[in-house]
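Good morning, colleagues. May I ask you to look at the sequence and the model now on the screen.

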Amino acid sequence: MSGVHITALVACVVTVSVIIELLRRRQLRDKYASVWLIVCVPMIVFAVDPNLFNRLAHSLGVINPPDLLTVVAALFLLIVCVYLSWEVGRLENKTRVLAEEVALLRKELEEATTA
Amino acid sequence: MRDVLVVIPALNEEDSVGVVVKETRAALDDVDILVVNDHSTDNTAAVAAAAGADVVSNVFNLGVGGAMRVGFRYAARRGYQTMVQVDGDGQHDPREIPALLAVLRANGEPATEARVVIGARWAGTGTFQVPRARRWAMRMLAAYLTRLTGTRLTDVTSGFRAYNAPAIELFARTYPAEYLSDTVESLVIASRSGAQVAQVPVSMRVRHAGSPSQPAWRAVGYLIRVGLMLVLEVIRTRSRIPPPEEDR
């Protein structure tokens, strides 16, 4: 096992452990955790045996295997970013509606208590 | 409760909001007045209440659009037939509200379609100067909305407006909360929903207090923002804000 190989393996194990720990403490909602756990599986497999990844890359016609990794990673992160932007916008809208409701309800409560 | 609600969105306007409320009351005795205090850090809420207005205070700053949405929801819930929007800085003369209401109620009331009447500055009466760049930006927007609504509009960023009951219902659900572009965007929404838009010339006064919310050098940035928003608004599907389930 080469140094790089060990580093990759350690990084994978740490990532997976952090996700599992966050899940265990209920800090991460299931719907996000599942995505990261699914990503972790091929990461560990390829960290254990990098040749599997090389063969996969070659079978897809990619001459330089790291290129495949870069492209797939960039694409995946792009999708995650867009999804999170969408989620933040939705949450902001919900928060706004709630704030408006709170203001209106506070006014109604005020009127009910002074009447 | 009266039929007409005057909504005054206010952010840190303690020096002027009291005067606006009193002038409104003096000009029209048969209206309810609601000041939407958009999380001011000064005494806006207390001053408005002392002047005799009802006050709703936002729990955090929502922007003019958010404050107006609170106003529309308030009016819709309580069944007001007409709503008038007046700025809290005193730039609009409440004595001109009847002119807006007259146009809103022309051709028979109640109308089944939504109607919005804009109090347009620079449409003949009054004297007020704005920086050239900002004026140019506003002309572009006015030209665009004139095409869209089929009515000649000269001041689409005016926050001096009157709405009938269907318009109140429409905007309680869809009034845009985007910063600074709410006045323009709401007109796009109105025209796409089949609402009638009209304008009445009004004179604009120098603000009682405070500085303009938009310095001149930002006009170009503003135009770009609003332009982008307009493109989005035209390709966007309708009604982004679902009504809360318990809305009556």
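A patch, as used here, is made of residues with over 30% relative accessible area and no salt bridge, where like charges are joined within 9 Å and nonpolar side chains (Val, Leu, Ile, Met, Phe, Trp, Tyr) within 5 Å. Accessible areas come from the Shrake-Rupley method with a 1.4 Å probe, and for residues only the protein chains shown count as cover. A salt bridge is a side-chain nitrogen of Lys or Arg within 4 Å of a carboxyl oxygen of Asp or Glu.

The model is predicted: local features need pLDDT of at least 70, side-chain atom pairs count only at pLDDT 80 or more, and totals for chains, interfaces and linings use all residues. Residues are numbered from 1 along each chain as its sequence is written, chains are lettered from A in the order in which they are written, and side-chain values use heavy atoms, without hydrogens and water.

In chain A, Ile6(A), Val10(A), Val14(A), Val18(A) and Leu22(A) make a nonpolar surface patch of about 380 Å². Ile6(A) belongs to helix α1, residues 3-24; helices (H or I, at least four residues) and strands (E, at least two) are DSSP runs, numbered from the N terminus.

Turning to chain B, seven strands form an open, mixed sheet, ordered β3-β2-β1-β4-β6-β5-β7; strands pair if DSSP finds at least two bridges between them. Strands β3 (54-57) and β7 (196-201) of chain B each have a single partner strand, so one side of each lacks a neighbour in the sheet. Antiparallel strands β5 (residues 115-120) and β6 (residues 161-164) of chain B are joined by three bridges, and Ile118(B) has Arg161(B) as its bridge partner in β6(B).
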